[in-house]
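Hello,

Here is the structure I promised to pass on. Have a look at it first, and my notes on what I found follow below.

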Amino acid sequence: MSQPIIEVRNLSHVYMQNTPLEHRALTDVTMQVAAGECIAIIGHTGSGKSTLIQHLNGLIRPQSGTVIVNGLDVSHPKLDVKALRRQVGLVFQNPEDQIFEKLVGDDVAYGPFKMGLPLEEVRRRVQWAMELVGLSFQEMKDRPTFALSGGQKRKVALAGVLALAPKVLVLDEPTAGLDPRSRSELLERIRRLNREEGLTVIFVSHNMEEVARLADRVYVMADGRAVCEGTPRDIFGSQEILRAHRIGTPESVDILYRLRDQGYPVDVGAYRVEEAADQIVTLIRQ
Amino acid sequence: MTNEPLIRVENVSFSYQVNQEQHIPVLHGVSLEVYPGEHLAIIGHNGSGKSTISKHLNGILTPREGDVWVNGINTRDKKRMHEIRSQVGMVFQHPDNQIVATIVEEDVAFGLENIGVPPEEMKQRVDFALEAVGMSAFRHRPPHHLSGGQKQRIAIAGVLAMKPRCLVMDEATSMLDSCGRQEILAVVRRLHREGMTIVNVTHHMSEAAAADRVIVMEGGRIALEGTPRDVFAQHERLRELHLDVPDASRIAAWVHREVPAFSPALIHNEEVVAEVNRLTIKRAEASGS
């Protein structure tokens with residue numbers, strides 16, 4: 001692996017420490033992300049995924065262990081939080097909550113404006129970010145934000161983060177609540193940001209079709225620990241991993257496992273729909 | 001289903017008001033019925049009006065034109081809102097907006113306290129509801145430290161505790177992980193088996209495939225309606241409507257192109273497996289082995 005842009009070592013986090021409601025969210029988590037990678041973090045609800053990613057832009061500071069982002073030590077008491085957040089853009093799970101301006105263009109401009117960039121540069125970045133997520137700058141900049149559909153709001157929130165020109169984009173459930181077309185479009189945008197703009201992408205997802213389609217590597221979280229790591233093929237191809245950590249499978253993989261359980265010789269690591277269909281064609285023609 | 005509909009939506013139009021001059025029309029003359037005991041799925045892209053129609057089903061929104069009747073009560077009748085809501089319960093997409101108490105079991109009991117259920121029955125109903133969503137172990141926890149999926153299960157428990165005749169889910173599983181989603185869907189299947197009417201507004205085509213009937217919304221109108229098999233046979237039309245088909249259907253269509261004997265009209269994973277069995281067994285028989 002090339003020089004990691006993110007390095008998490010032995011990270012632990014306890015909510016409401018030393019109270020009766022103490023709750024251990026992360027235990028000894030270690031992960032490395034190379035510049036330009038696209039990483040999925042999966043695991044069932046309550047496994048610590050969201051707590052982990054909130055460390056990446058300093059929303060939560062490490063209680064023990066270290067988090068280093070592009071040379072910035074997140075646990076350092078004199079951390080330049082602003083510098084960190086220019087490097088790492090975080091898109092929350094319900095990005096509707098992140099929209100507070102009346103007009104789309106103003107909302108996307110908020111971040112770069114607060115960074116103190118000259119007005120011309122702000123405008124340029126807003127245009128760039130809006131076009132990247134598929135919102136026409138001319139048509140949409142003066143639209144009222146409250147009248148947007150769910151998919152459009154998601155794009156506005158994403159554009160607002162991209163306008164900060166981060167090196168790392170962290171997304172919590174990027175497509176939850178979107179219709180199939182909007183989901184597909186947004187995934188394609190994220191893929192292009194990753195492949196063409198060179199952004200490092202880390203996303204939390206419970207949609208296994210999305211993980212299968214996007215991720216180079218997958219980290220599996222369970223009970224606050226990073227329990228395993230591998231390519232989508234490694235993860236979806238291992239029933240032991242899937243069962244042990246209650247990970248759902250893409251539907252295509254579910255069909256392959258059902259076939260294998262009946263004694264058919266199928267490659268359960270063929271996780272894409274077309275690959276799975278080809279496996280079935282081969283079975284029938286054998 | 002020859003019986004009377006539980007919910008009747010008659011020629012409903014609705015628009016959101018931006019300001020005094022500006023309205024954004026969302027629904028245009030929508031009519032539909034929900035029958036007792038049926039499992040209806042409503043699908044459609046973001047902005048198609050499916051969420052808006054679902055909010056009409058228990059009077060959260062009332063029509064600008066047309067009427068909605070819940071068991072014979074017009075939802076415009078604000079004095080009878082209590083009766084309407086006790087019959088049709090609703091769970092939304094974002095659990096955070098639905099949680100009001102600081103302890104899980106108090107949150108589930110909240111609706112019951114409001115309608116004056118006696119303590120002993122209240123305890124039973126809360127037990128049942130928490131059990132149904134698999135959250136009994138969390139009853140004394142503060143909800144704000146639960147994950148999104150766990151919170152949603154609490155929100156669903158709050159509605160189940162009210163024992164409604166009809167459960168309307170407005171993308172209620174879209175924030176859950178696949179295991180959480182499977183658990184909720186198992187709960188819903190059980191409730192449905194026990195006679196509860198289910199209306200599921202969803203983006204998951206495989207969820208819609210599990211319904212008795214599917215309504216597809218587009219531009220504030222009903223664009224398609226039928227059994228899941230009929231609806232999901234229309235790949236092209238669905239794509240035009242920004243929708244998709246279940247992966248099982250995509251796989252079946254793909255295999256059918258290569259092997260014409262393989263049925264393209266499949267919507268469930270188990271059907272794909274059965275079709276593979278049918279064809280491989282037939283071939284084994286043909287070759288005499």
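Before the strands, a word on terms: helices (H or I, at least four residues) and strands (E, at least two) are DSSP runs, numbered from the N terminus, and two strands pair if DSSP finds at least two bridges between them. This is a predicted model, in which local features need pLDDT of at least 70 and side-chain atom pairs count only at pLDDT 80 or more, while totals for chains, interfaces and linings use all residues. Residues are numbered from 1 along each chain as its sequence is written, and chains are lettered from A and ligands numbered from 1 in the order in which they are written.

Let me start with strand 8 of chain A. The bridge partner of A:Cys38 in this strand is A:Val201, and A:Val201 is also the bridge partner of A:Leu169. On the A:Cys38 side, strand 3 (residues 38-42) of chain A pairs with strand 8 in the parallel sense over four bridges. Strand 7 (residues 168-172) of chain A also runs parallel to strand 8, joined to it by five bridges. From strand 7 the chain passes through helix 7 (residues 180-195) of chain A to strand 8, and this β-α-β crossover is right-handed (with the strands pointing away from the viewer, the path from the first strand over the helix to the second runs clockwise).

Is strand 8 of chain A covered on one face or on both? Both faces are covered, with A:Thr200, A:Ile202 and A:Val204 buried on one side and A:Val201 and A:Phe203 buried on the other. A residue is called buried if 20 or more other C-beta atoms lie within 10 Å of its own, exposed if 12 or fewer, and partly exposed in between, with C-beta atoms placed from the backbone. By contrast, A:Glu131 is exposed, because 12 other C-beta atoms lie within 10 Å; A:Glu131 sits in helix 4 (residues 119-132) of chain A.

Chain A also has an open sheet of four strands in the order 2-1-4-5, with antiparallel pairing. Strand 2 (23-34) and strand 5 (72-73) of chain A are at its edges with a single partner strand each, so one side of each has no neighbour in the sheet. Eight bridges join strand 1 (residues 4-15) of chain A to strand 2 of chain A in the antiparallel sense, and A:Ile6 is opposite A:Val33 of strand 2.

Now the domains, whose bounds come from an automatic or database domain assignment. Chain A has domain 1 (4-248) and domain 2 (249-286), with C-alpha centres 32 Å apart. In chain A, 10 residues of domain 1 are in contact with eight of domain 2, where contact means that the C-beta atoms, placed from the backbone, lie within 7 Å. Chain B is assigned domain 1 (7-245) and domain 2 (246-289), and their C-alpha centres lie 35 Å apart.

Finally, the two chains meet: 44 residues of chain B are in contact with 39 residues of chain A. Helix 5 (148-160), helix 6 (178-193), helix 10 (247-258) and helix 11 (269-286) of chain B each supply at least two residues of the side that touches chain A. That side of chain B has 19 nonpolar, 18 polar and seven charged residues. Here Ala, Val, Leu, Ile, Met, Phe, Trp, Tyr, Cys and Pro count as nonpolar, Asp, Glu, Lys and Arg as charged, and the others, Gly among them, as polar.

Best wishes
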